[in-house]
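Work through the exercises below with the structure in view, and try each task before you read its solution.

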Amino acid sequence: MPTLTKLYSMEEAALHNTPEDCWVVVDGKIYDVTKYLEDHPGGADVLLEATGKDATEEFDDAGHSKSAKELMQDYLIGELDPTPEIPEMEVFRKEQDTGFASKLMDNVVQYCAIPAAVIGISAVVAILYARRK
């Protein structure tokens, strides 16, 4: 029967980044390595640098032994929550002008600008043509 583990967000894991409270994320699992800081062969600074981010790449690059990977299980406290963080949506309300004059001007510009321009150009062309004769 599978063991249920607690899920933590990366933001929550990143908050534990001091020598008194140090969590590390490796391969989607979260380890509380606070008690192991003094015993870590690479020093406490290496583990403290790994907090607040996914340290899988750094862990793999260091070439840890099989016994080191087994030792990690003693410090396992949970897993990284796989669900993406959904940012809170901001709602903006467009202020609407309900004035009649404003609506009328919007409609005039929208529907009459091109016909008015065509009529104006036609009138100019007619006047120029009439002067030529």
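Predicted model: local features only at pLDDT ≥ 70, side-chain atom pairs only at ≥ 80, totals over all residues.

Residues are numbered from 1 along each chain as its sequence is written, and side-chain values use heavy atoms, with hydrogens and water left out.

**Exercise 1.** Find the domains into which the chain is divided.

*Solution.* Begin with the bounds, which come from an automatic or database domain assignment: domain 1 covers 7-80 and domain 2 covers 94-132. Next, take the centres over C-alpha atoms, and you find 70 Å between those of domain 1 and domain 2.

**Exercise 2.** In what order do the strands form the sheet?

*Solution.* Strands are DSSP runs (E, at least two residues), numbered from the N terminus, and two of them pair if DSSP finds at least two bridges between them. With these rules, 5 strands form an open sheet of mixed pairing, in the order β1-β5-β4-β3-β2. The edge strands, β1 and β2 (17-18), each pair on one side only.

**Exercise 3.** Describe how β5 is joined to β1 and to β4.

*Solution.* First, β1 (residues 6-8) runs parallel to β5 (residues 76-80), with 3 bridges between them, and Lys 6 has Gly 78 as its bridge partner in β5. Then, β4 (residues 29-32) runs antiparallel to β5, again joined by 3 bridges; here Ile 30 stands opposite Gly 78, and Tyr 31 stands opposite Leu 76.

Note on methods. Helix = DSSP H or I, 4+ residues; strand = E, 2+ residues; numbered from the N terminus.
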